[in-house]
Amino acid sequence: MNAARLDEWGALLRWLMRGGAYGFYWRSEGRTSLWWETGNPAAIPTTPANWYFGVHPCATIPTHNAKGEARRPELVRSQIAVIAAINCLFADIDAKQHGGKSAALSHVNRLTPAPTAVVDSGGGYHLYWLLRDPVIIADDHKRAYLQSVQARWVDFVGSDPGAKDLARVLRLPGTHNRKADYGPNFPEVRLLRVFWDKVYRLTDLTHLLPPVARKTEASEAIRRLTETKRSDPPKDDAKLLDLARNARNGAKFAALFDRGDLTGYNSQSEADAALCAMLAFWTNGDVSRIDSLFRLSALFRPEKWDSVRVKGKTYGAATIERAATL
């Protein structure tokens, strides 16, 4: 990889390490790690080996391996529990799964939105959609949410389903892919391109994802709070809303409906789904009434609610449909 590309990779690596204390390189031969502080990444190793790097920065260096056994730093990799932040969504496009490298690259070039950076891994392409700001992982709820987003992104862009966890390592540009199939002239892992003008907000990317079919944590919590449906919901909207505000989960309902308070939710879209699930309970799943009541709430955003987003459905209709069938 030429000097200009190496400099560009260095800038990309520093971007990916924002919000954390430690990064590392990992060598598959011997399964050993080289840890470094994020403000001062180590030089690219020159030892002939299959070298990788941790995509996301760590808050600490793990003191135990994945089995819970105490290990020295050089004998541990990153673990999901110590990931400090994410600065990208990523994908691993395996050439074999797409009929060869030419076909794989054509797939990459058709992706919308376009990835910020593309790395030729020797056996395919590694893609990075950089985030404008680091997304700090403050608790396990946030961690689980980001793990879900990354997994859904992998499905969305058609990449390797085995490469989607937050503790993922990907091949290190400036080294070589030394898989036996590629010898004796092992291909260089190289940065193909970076479009620094293509940097995204996380919400820009999550809004592109199809709805989650399974129950969300928010809706499951609502289910536990409201264990049985009403047999005869009040016909008067004001009376129904008063009942909702004074129920066991009334404080949560009022926070969403009356104030649009997003506390406890990762995004307004998640809060929208939570409020719709509550309204589904109080209306016995009456879709048209959920819609009319949601339009009275502090969360209601007219342009988004009525915009066509998923399979020809409006954002509002898709959100209600999911809530009404929980």
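The legends below describe close-up views of a predicted model.

Residues are numbered from 1 along each chain as its sequence is written, and side-chain values use heavy atoms, with hydrogens and water left out. Because the model is predicted, local features need pLDDT of at least 70 and side-chain atom pairs count only at pLDDT 80 or more, while totals for chains, interfaces and linings use all residues.

**View 1**
Asp92 sits in strand E4, residues 85–94. Helices (H or I, at least four residues) and strands (E, at least two) are DSSP runs, numbered from the N terminus. Asp92 is buried and has no salt bridge. Buried means under 20% relative accessible area, exposed means over 50%, and partly exposed lies in between, with a 1.4 Å probe and protein chains only. A salt bridge is a side-chain nitrogen of Lys or Arg within 4 Å of a carboxyl oxygen of Asp or Glu. The side chains of Asp92 and His126 are joined by a polar contact of 3.4 Å. A polar contact is a pair of N or O atoms within 3.5 Å; within protein, one must be able to donate a hydrogen and the other to accept it, and residues adjacent in sequence count only if both atoms are side-chain atoms. Leaving aside residues up to four places away in sequence, Asp92 touches Tyr125, His126, Ser159, Asp160, Ala163 and Leu170, where contact means heavy atoms within 4.5 Å.

**View 2**
Strand E6 spans residues 124–136 and runs antiparallel to E4, with nine bridges joining the two. Two strands pair if DSSP finds at least two bridges between them. Ile86 has Val135 of E6 as its bridge partner. Strand E5, residues 117–120, is also antiparallel to E6 and is joined to it by four bridges. Here Val118 has Leu127 of E6 as its bridge partner. E5 and E6 form a hairpin with three residues between them, and Gly122 in the turn has a positive phi of about 95°.

**View 1. The cysteine Cys58.**
The structure holds zero disulfides, a disulfide being a pair of cysteine sulfur atoms within 2.5 Å. Cys58 is in no disulfide, and the nearest cysteine sulfur, that of Cys88, is 13 Å away. Cys58 is buried, with a relative accessible area of 0%. Cys276 is likewise buried, at 0%.

The peptide bond from Thr112 to Pro113 is cis, with omega near 0°. Pro113 lies in the loop between helix H2 (101–110) and E5. Gly183 and Pro184 are also joined by a cis peptide bond, with omega about 0°. The loop that holds Pro184 runs between strand E7 (169–171) and strand E8 (190–194).

Arg31 is not a glycine, yet its phi is positive, about 50°. It is placed in the loop between strand E1 (22–27) and strand E2 (32–37). Arg31 counts as exposed, at 53% relative accessibility. Asn284, another residue other than glycine, has a positive phi near 55°. This residue lies in the loop between helix H8 (268–282) and helix H9 (287–294). Asn284 is partly exposed, with a relative accessible area of 31%.

**View 2. Selected salt bridges.**
The whole structure has 16 salt bridges. In one of them, Asp258 pairs with Arg245, with the closest N and O atoms 2.9 Å apart. This pair links distant parts of the chain, 13 residues apart: Asp258 is in the loop between helix H7 (250–257) and H8, and Arg245 is in helix H6, residues 237–245. Asp258 is partly exposed at 37%, and Arg245 is partly exposed at 29%. Arg168 forms a salt bridge with Asp165, with the closest N and O atoms 2.7 Å apart; both residues are buried. Asp291 and Arg295 meet in a salt bridge of 2.9 Å, N to O. Asp291 is partly exposed at 22% relative accessibility, as is Arg295 at 32%. Lys101, Asp120 and Arg190 are linked in a network of salt bridges.

Note on methods: Lys, Arg positive; Asp, Glu negative; His and termini not counted.
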